[in-house]
Amino acid sequence: NYGGLDKEGKPHVINLTGLERMMLDDLYKALCFEFPIVPRPPTVFEQERETHRFTLASLVTTFLGRQDAVDESLRYLTTNPSTPRAPLVVTGPSGWGKSSLCAVVSARAAAMVESVHTVLPHFVGCSPDSTNIRAVLLRLCDELQEAFGASAFIFDDSVGDADSSFA
């Protein structure tokens, strides 16, 4: 819109907010086209989490039989869930399917609507860091932070040389 002459006698334009908005929008679209936003690469923790989740999904699809072991494990987890108890330990000979059994139980426990459990799958051997105690503890802390919305965990070197303690 023509706004008359300014103090110096030059033509003056007013009410350009619509034109400004249109120009900014066009510029933003052109910049996004020329320089697309590249998603940030996943963090080390996110990569490791996805490796364990992929392993869990793979093991669940190959699990056959042993429904009695699945039922017994789920019963252990769901009976009086607020009562402290010893960890669930699965033992057996090599090749028996312990990892697959744990994957199925983990997946079903995580899917239970009434579950009070947070399932953090971890499969030793599915990645190079799966046996590094420091990396495991840091990843689990990161997952707990995400699951429970904790504001921050302080990571320092207090774990020290824990790797050698577990060798």
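Val-70 is found in helix α3 of what is a predicted model. With a relative accessible area of 0%, Val-70 is buried, because residues under 20% are counted in that class. Leaving aside its neighbours within four places in sequence, Val-70 is in contact with Phe-63, Leu-101, Val-104, Val-105 and Arg-108. The C-alpha atom of Val-70 also lies 8.4 Å from that of Cys-102, although 32 residues separate the two along the chain.

## Helix α3 and its two faces

Helix α3 runs over residues 67–78, and its twelve residues should span 16 Å at 1.5 Å a residue, which agrees with the 16 Å between its end C-alpha atoms. The buried residues of this helix are Ala-69, Val-70, Ser-73 and Leu-74. These residues cover an arc of only 130° around the axis, and therefore they sit on the same side of α3.

The face of α3 turned away from the buried side carries the exposed residues Asp-68 and Glu-72, while the cover over the buried residues includes α4, residues 98–111. After α3 comes Asn-80, which has a positive phi, near 45°.

Helix α4 has 14 residues and reaches 20 Å from its first C-alpha to its last, close to the 20 Å expected at 1.5 Å a residue. Its buried residues are Ser-100, Leu-101, Ala-103, Val-104, Val-105, Ser-106 and Ala-109, and these pack against α2 and α3.

The largest nonpolar core has eight residues in all, namely Phe-63, Ala-69, Val-70, Leu-74, Leu-101, Val-104, Val-105 and Ala-109. Both α3 and α4 supply at least two residues of this core, and the largest share, four residues, comes from α4.

## His-52 in helix α2

His-52 is found in helix α2, which covers residues 44–62, and at 0% relative accessibility this histidine counts as buried. Its side chain is joined to that of Glu-48 by a polar contact of 3.0 Å. Not counting residues up to four places away in sequence, His-52 touches Pro-121, His-122, Phe-123, Cys-126, Ser-127, Ser-130 and Arg-139.

## Cysteines

Cys-102, whose C-alpha atom was placed relative to that of Val-70, is partly exposed, with a relative accessible area of 30%. Cys-126, one of the residues touched by His-52, is likewise partly exposed, with a relative accessible area of 25%. With a disulfide taken as a pair of cysteine sulfur atoms within 2.5 Å, the count comes to zero disulfides.

## The protein as a whole

The secondary structure of the protein comes to six helices and two strands, and along the sequence these follow the pattern β-β-α-α-α-α-α-α. Of the 167 residues of the protein, 19% count as buried. Among contacts with a separation of 6 or more, 54% are accounted for by residues 24 or more positions apart.

Terms used: Residues numbered from 1 in each chain as written. Predicted model: local features only at pLDDT ≥ 70, side-chain atom pairs only at ≥ 80, totals over all residues. Heavy atoms only, no water. Expected span 1.5 Å × (residues − 1). Buried < 20%, exposed > 50% of the residue type's maximum accessible area, 1.4 Å probe, protein only. Arc of directions from axis to C-beta. Contact = heavy atoms within 4.5 Å. Core = buried A, V, L, I, M, F, W, Y, C linked by side-chain atoms within 4.5 Å. Polar contact = N/O pair within 3.5 Å; in protein donor to acceptor, adjacent residues only side chain to side chain.
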